[in-house]
Amino acid sequence: MQDTVELKEFFFIIRKRKKIIITTTLVCLILSTLFSFFAIKPTYEANTTLIVNQNISENSLNITGDDINVSQQLAVTYGEIIKSRSVLDSVINELQLSMDYSQIKELITVSTIENTQIISINVQHKDPKIARDIANSIPNLFKKTLVDITNVNGVEVIDRAILPSNPIKPNKILNIVIATLLGIMISTFGVFLREYLNIKLKTPEDVEDILGLPVIGVIPFNEDIK
């Protein structure tokens, strides 16, 4: 019985304060829509993949498991070299970018695909053309740097970056859904907090609904009486 009463009170408060909940939710929805579509500049991502091959002599006809393991280990090392200052500064100079090493490094994610010799280079930028150009410039300049450092060139490009047509963020629909849910949660919490802190009975209906007592009579309020 107590659970039934508490559930009834819950829906009573929701019904009584539904305008506040609806208004707050609509405000959050509208603000998130405006923010997602007009305030946030889209970010584009371009991708280039490389494969690492260990130098094998021309007389060798078979590639052993050790050769593949070495290539996989080299892929991890090469991933760190790709993000080095010498490589990225060369990219900045070649493309004449108005950024420094720390800024361009933030745009680049280098990862190795597990159990393969493949390196994936992802570049994110507000300008899709710049993202593509950086992604395509890195492999060439990295190979030059690799030859200078190790006198070895065992890296080949698998896929060159193409001009991205769709941004990867913001996720407008997700932002709107999250903002709407937050609006519902915040407004509902605020309504219940207000009801919890407000112990006044303002109307005859409050007496009947909250206390469960019948109203025998009502004394009218007269502003002229002080």
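Q: Let's begin with the overall layout. How many helices and strands does the protein chain have, and in what order do the elements run?

A: Happy to start there, and do keep in mind that this is a predicted model. The protein chain has 8 helices and 4 strands. Read from the N terminus on, the order is α-α-β-α-α-α-β-β-α-β-α-α. Buried residues make up 30% of the 226 residues. Of the contacts between residues at least 6 apart in sequence, 73% join residues at least 24 apart.

Q: How do I read the pairing of strands? Which strands pair with E3, and in what sense?

A: E1 (44-52) and E3 (residues 118-125) pair in the antiparallel sense over 8 bridges. One place to look is Leu50, which stands opposite Ile119 in E3. E2 (108-112) is joined to E3 by 5 bridges, and these two strands also run antiparallel. There, Ser111 has Ser120 of E3 as its bridge partner.

Q: Which residues of H2 are buried, and which are exposed?

A: Ile21, Thr25, Ser32 and Ser36 are buried in H2. They cover an arc of only 35° around the axis, which means that they are on the same side of H2. Lys19, Leu31, Phe38 and Ala39, on the other side of H2, are exposed.

Q: How should I think about the nonpolar core? Which of its members touch the most others?

A: In soluble globular proteins, nonpolar side chains tend to be buried together. Here the largest nonpolar core has 30 residues, and Ile104, Ile108, Ile119, Ile134 and Phe142 touch the most other members. The elements giving two or more residues to this core are E1, H3 (65-82), H4, H5 (101-107), E2, E3 and H6 (128-150). H6 gives the most, with 7 residues.

Q: Take Ile104 as an example. Which residues does Ile104 touch?

A: Not counting residues up to four places away in sequence, Ile104 touches Leu88, Val91, Ile92, Leu97, Met99 and Ile134. Leu88, Val91 and Ile92 are among the buried residues of H4.

Q: What about a polar residue such as His125? Is His125 buried or exposed?

A: The reading is a comparison with a cut-off: under 20% relative accessible area counts as buried. His125 has 17%, so it counts as buried. A polar atom of the His125 side chain lies 2.9 Å from the backbone nitrogen of Asp127. Leaving aside neighbours within four places in sequence, His125 is in contact with Thr43, Tyr44, Met99, Leu107, Ile130 and Ala131.

Q: Thr43 is in that list. Where does Thr43 lie, and what else does Thr43 contact?

A: Thr43 lies in the loop between H2 and E1 and is buried, with a relative accessible area of 6%. Beyond its neighbours within four places in sequence, its contacts are Gln124, His125, Lys126, Pro167, Ile168 and Lys169.

Q: Let's finish with Ile168. Where does Ile168 lie, and how far is its C-alpha atom from that of Glu45?

A: Ile168 lies in the loop between E4 and H7 (172-197). Its relative accessible area is 39%, so Ile168 is partly exposed. Ile168 and Glu45 are 123 residues apart along the chain, yet their C-alpha atoms are separated by 6.6 Å. Leaving aside neighbours within four places in sequence, Ile168 is in contact with Thr43, Glu45 and Gln124.

How values were computed:
Residues are numbered from 1 along each chain as its sequence is written. This is a predicted model: local features need pLDDT of at least 70, side-chain atom pairs count only at pLDDT 80 or more; totals for chains, interfaces and linings use all residues. Side-chain values use heavy atoms; hydrogens and water are left out. Buried means under 20% relative accessible area, exposed over 50%, partly exposed in between (1.4 Å probe, protein chains only). A polar contact is a pair of N or O atoms within 3.5 Å; within protein, one must be able to donate a hydrogen and the other to accept it, and residues adjacent in sequence count only if both atoms are side-chain atoms. Contact means heavy atoms within 4.5 Å. The arc is that of the directions from the helix axis to the C-beta atoms. A nonpolar core is a set of buried Ala, Val, Leu, Ile, Met, Phe, Trp, Tyr and Cys residues joined through side-chain atoms within 4.5 Å. Two strands pair if DSSP finds at least two bridges between them.
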